[in-house]
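Subject: Structure handover and notes

Hello,

Here is the structure I said I would pass on. My notes follow below it.

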Amino acid sequence: MKGLDHLPWYRRPGVTISLFLAPALFFFALYVLAPIPVSFYYSLFRWDGIGERVFIGFQNWRELTQDPIFWRALKNNVTLVVISILVQLPMGIALALLLTSRFRWRKLLKTIYVLPYLMSAVAIGMLWRYIYEPTFGLLNMFLEAIGRSNWILDWLGDPKVVLYSVINAINWQFIPFYMLLFMAALVGIPDELYEAAKIDGASAWKVFWTITLPLLWPTVTNAAILSLVGSLKYFDLIHVLSGGGPSHASELMATYMYKRSFQHFRMGYGSTVAVALFTIGFVLSMVFLRATRCREYEGGGKR
Amino acid sequence: MLKRATMCLFVISLLLGMSLGVYAQDINLTLWHIHTNVGAAQNTIQDAIRRFETDYPNVKIEEVQIINDEYKTKLMIAMGANDEPDIFMSWGGGPLETYISAGKVWDMTDALVEEGIYDNFLPVALDLGSVGDRVYGVPITNMVAALVFYRTDIFENLNLDIPTTYTELLEVMAVLNDNNITPFALANANKWTGSMYYMYLADRIGGPEAFYKAMMRTDGGSFASEAFIKAGEYLQELVKNNAFPRGFQSMDEDLAQSRNLLYTDRAAMYLMGSWAWGTIKAENESLLEKLDFFVFPGVDGGLGDPSNLVGTPGDNYFSVAQKCEHKEYAIKFLGYLSDENAVEMLIANGHIPPFGEDIGSKIDDPMMKKLYQAVSGSDAVQLWYDQSLPPELAQVHLDTTQALFGLEMTPEEAAQTMEEAARRYHGEN
Amino acid sequence: MIQKSLKHLGLYIFAAAWFLISFYPFVFMVITSLKGRMEFLIKPVWAFPEQFLYTNYIRVIEGGFFRFFFNSVSVSVISVSIIILVSSLASYIISRVRFRLSSLVYGVFVAGMMIPIHITLIPVYNLTRALGIYDSLAALVGPYVAFSLPISVFVLVGFMRDIPLELEEAAVMDGASRMQIYTKVVMPLSKPALSTVAIYSFILLWNEFIYALVLLTSKHNWNLTMGLWNFHGQYSIDIPLIMATLTLAALPLILIYFFLQEQVIRGMTTGALKG
């Protein structure tokens, strides 16, 4: 490479690189990175948000390890992760297959199926509240009309049921998102591959397992990571629909953190929960990423 | 290209934002309260603002209504950042003391006297907004007792009498259930709604002393004492005898999910603060003809007097922030909130203002008179637990009570949990 | 033959069932929004409105709907523009220029996806106050841009890496600067991925709730979700009115989607996350 001295300063590589990266790093550092150590710092205090901050060392952290509600929230988060991945992804793939096939009404269906994704979580929460309403709600009225009132459950009031009711609404919200993701990937699969399989007389089922799914796999792992991360930090819909209750039965780490800091005014402990949530999410995603990436390289994945 | 467009947009929006943000007013006072629903309190507050702004055209009061569930959060965040509103509402008691000890609230005792509005308020009601004899918050809007409102037409049709004892209550419930009518319209996602049942049962069984001793930690008082365990047992008996609607644990009082049952003939009774009269008046006035109330029944062999009430002498307390720059106007505004006009307005909308001794003479409506007599007539009014307990213990009380309703805890467990929390709070271990 | 038609039948049932599940709640929402308050409580939920009551919509609009709508539009448009600019600049460098810290920078951005918004709420609140922009629409732009960056950089870097190197080399031969390569070569070629980023972040920000909840107070600054949330509290007794609010709030995105469906789907799919 020629000497760089003849270049004006603003065209030197290091300077250019920095200038291009600077705006993004600025926003990112200010609003995403810096708050993490700050939150950890807050977690060492007892602080009601108004009065004085009292340094208490790791007392909040000790309390966290013995806090049954936190562990329950974590368990609920894990349930949410598992169900999300097991329901949203397969449903997304199935719907994407349907819409990329030569199915007759796919145009109309494509329009309709995407609708839930366009609504805000707040709106969805409010809407589902009136679907689950015990007396005037859509679901119970429907069950009564078809003579199945014995199927009626206390959708949002029974601690054994509420988590699944809420997850159901979350699935409703996110399946269209994964459908779009998989549609994108399916469109990218060249037709020749299918035609070759057709000539070989392979059944549709076999084509799916031997051609479609392997080619889709990188998208599947990406989707799984998105789902994992999204589920671990999920908040909006639960906040509106059940508020984490009753008796913390649908509590998630994020709603618990919000509750402790902003409703019970324990900012220090809330920050502890936030940092724990961050750490758990980060470690889990990294492990997951490692595992899937390795497999992908072995299998000669795309990149 | 893209960049230029972005910059333009940014600049335009900044200018827009600025032009909208600037008002040509000399003095601005912000006021926060929770009355998002049209009704007595909201009408009164807005009327007071109108009258105040007419008399003081140089002052503008910016009213911010925040829904109940978010209110404490918003207020706390604002205080944490020294950005609290000039005038704000609270429920007095424990939470207000937290704000006071953080130095956020103005001691307005002297100013109240100077402005001549100190005597607007009932002394008992002022207590909850005071520390010692210094006043930090004045009671506006309502004197409250929890009463059982009931549908007179349903009771007549089924030949039911008002239950005066717990046993009679169970009988009434059985008849109602046989006729597919839910006995009580209860929405317990909010927790304080269910807490009313628990407070009444504990009072009827152990008398007001049981709670007082447990709270003050005197005379061997304990939240694990028999009165509280028994209250839990009776409560769960009510649940098991279908006293409450399907799904009541997830229903939201703020969304009127309870009252909707009352309006559609699906439920017959409604244990609620006496403000319900005003709420129902605003929501469904024609129902008032078919509505009456009684005091929560006694428990056979209980120590409590069945005429005791649970409630509060003042529901909403309005305070002025320590950092408010125009306290002289803020205090004048509090005068407008509690003057003759406000009294008339509150009464006309179904509330009983906690002002002065002669309120009774200003009430014409017979049902309102009856309500006033019930609320002001009792010797012992037990203050809501969640207002008299420190916030941390109030939370435990609300949580354990909700768990009792859900049959997730035994009465012993709930009482024990509450007692342990109290011991921890008072450092008794 | 029979097997084939059976298979078809299965497909139709599946398609129809999902059609009902994803569409019926919307029907329920719209039908209810046209009813009277007591009518909703007394009649079955699926009953058609006795007469179409447009008054609910009028009340929502009079409650300041357009103000909130306008706020949402300006915040979303400004934030998305900045996101596009900032993330494409960074992604270009990360994907196409070799430098020592490249993979570290990329890793840090992508790891940002795993950071829950909530850990930043209190610090960001304090920061916003210190900047003197609390309770203004400008308060939302910073966090919105920052939290859309990870996914945007992820998508853009993935896409830009696949742009053939020859195109850039040709430009270098002509003596183009980095900036010129970025504006003249990379950006035009990245349009599909840029539209993906724009659409995804627009939907995300249009519907954002928690920052708006914490950073905005005054009514004239509320965005649509805040307006929605407060209507919910204010008119809770009137379920049809709430449904009218929900319908109106959902309408803008749905309309955009109806009219630009092909472009939106193409935008969402061509540049989307690949392996």
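Two strands are taken as paired if DSSP finds at least two bridges between them. In chain B, strand 1 (residues 27-33) and strand 3 pair in the parallel sense over two bridges. Please keep in mind that this is a predicted model.

The sheet in chain B

Leu31(B) has Ile87(B) of strand 3 as its bridge partner. Helix 2 (residues 40-55) of chain B packs on the sheet, where it touches strand 1 and strand 2 of chain B. The direction of helix 2 makes about 165° with that of strand 2 of chain B.

The sheet itself is open and has five strands, in the order 2-1-3-12-6 (chain B), with mixed pairing. Its edge strands are strand 2 (59-65) and strand 6 (138-140) of chain B, each of which pairs on one side only. From one strand to the next, the twist averages 25°. Helix 13 (residues 327-337) of chain B lies across strand 1, strand 2, strand 3, strand 6 and strand 12 of chain B, and runs at about 160° to strand 12.

Which residues are buried in helix 4 (residues 93-101) of chain B? They are Gly93(B), Pro95(B), Leu96(B), Thr98(B), Tyr99(B) and Ile100(B). The buried residues of this helix pack against helix 3 (68-80), strand 3 (87-90), strand 4 (130-131), strand 12 (316-320), helix 16 (385-388) and helix 17 (391-405) of chain B. Gly103(B), which follows helix 4, has a positive phi, near 75°.

Chain B is assigned domain 1 (20-143 + 314-357) and domain 2 (144-312 + 381-425). Taken over C-alpha atoms, the centres of the two domains of chain B are separated by 30 Å. The contact between them involves 20 residues of domain 1 and 16 residues of domain 2. On the domain 1 side, helix 3 and helix 4 of chain B each supply at least two residues. Helix 4 of chain B gives the largest share of that side, four residues. By class, the domain 1 side has seven nonpolar, 11 polar and two charged residues.

Chain A

Chain A has 13 helices and two strands. Its radius of gyration is 24 Å, well over the 19 Å that the globule rule gives for 303 residues, so chain A is more spread out than a compact globule. Its C-alpha atoms fill a box of roughly 85 × 75 × 30 Å along the principal axes. Of its 303 residues, 47% count as buried. Among contacts in chain A between residues at least 6 apart in sequence, 68% join residues at least 24 apart.

Chain C and its contact with chain A

The contact takes 72 residues from chain A and 67 residues from chain C. Several helices of chain C give two or more residues to it, including helix 4 (65-96), helix 7 (138-160) and helix 13 (239-259). Helix 1 of chain C provides the largest share of the chain C side, 10 residues. That side has 51 nonpolar, 14 polar and two charged residues.

Chain C is divided into domain 1 (1-63 + 235-251) and domain 2 (67-232). The centres of these domains of chain C are 34 Å apart, taken over C-alpha atoms. Six residues from domain 1 of chain C and four residues from domain 2 of chain C make up their contact. The domain 1 side has three nonpolar, three polar and no charged residues.

Regards

Conventions:
Residues are numbered from 1 along each chain as its sequence is written. Chains are lettered from A and ligands numbered from 1 in the order in which they are written. This is a predicted model: local features need pLDDT of at least 70, side-chain atom pairs count only at pLDDT 80 or more; totals for chains, interfaces and linings use all residues. The radius of gyration is taken over C-alpha atoms; the globule rule is 2.2 Å times the number of residues to the power 0.38. A residue is buried if 20 or more other C-beta atoms lie within 10 Å of its own, exposed if 12 or fewer, and partly exposed in between; C-beta atoms are placed from the backbone. Two residues are in contact if their C-beta atoms, placed from the backbone, lie within 7 Å. Ala, Val, Leu, Ile, Met, Phe, Trp, Tyr, Cys and Pro count as nonpolar, Asp, Glu, Lys and Arg as charged, and the others, Gly among them, as polar. Domain bounds come from an automatic or database domain assignment. Axes are lines fitted to C-alpha atoms, for helices over the stretch in contact, and angles run from 0 to 180 degrees between N-to-C directions.
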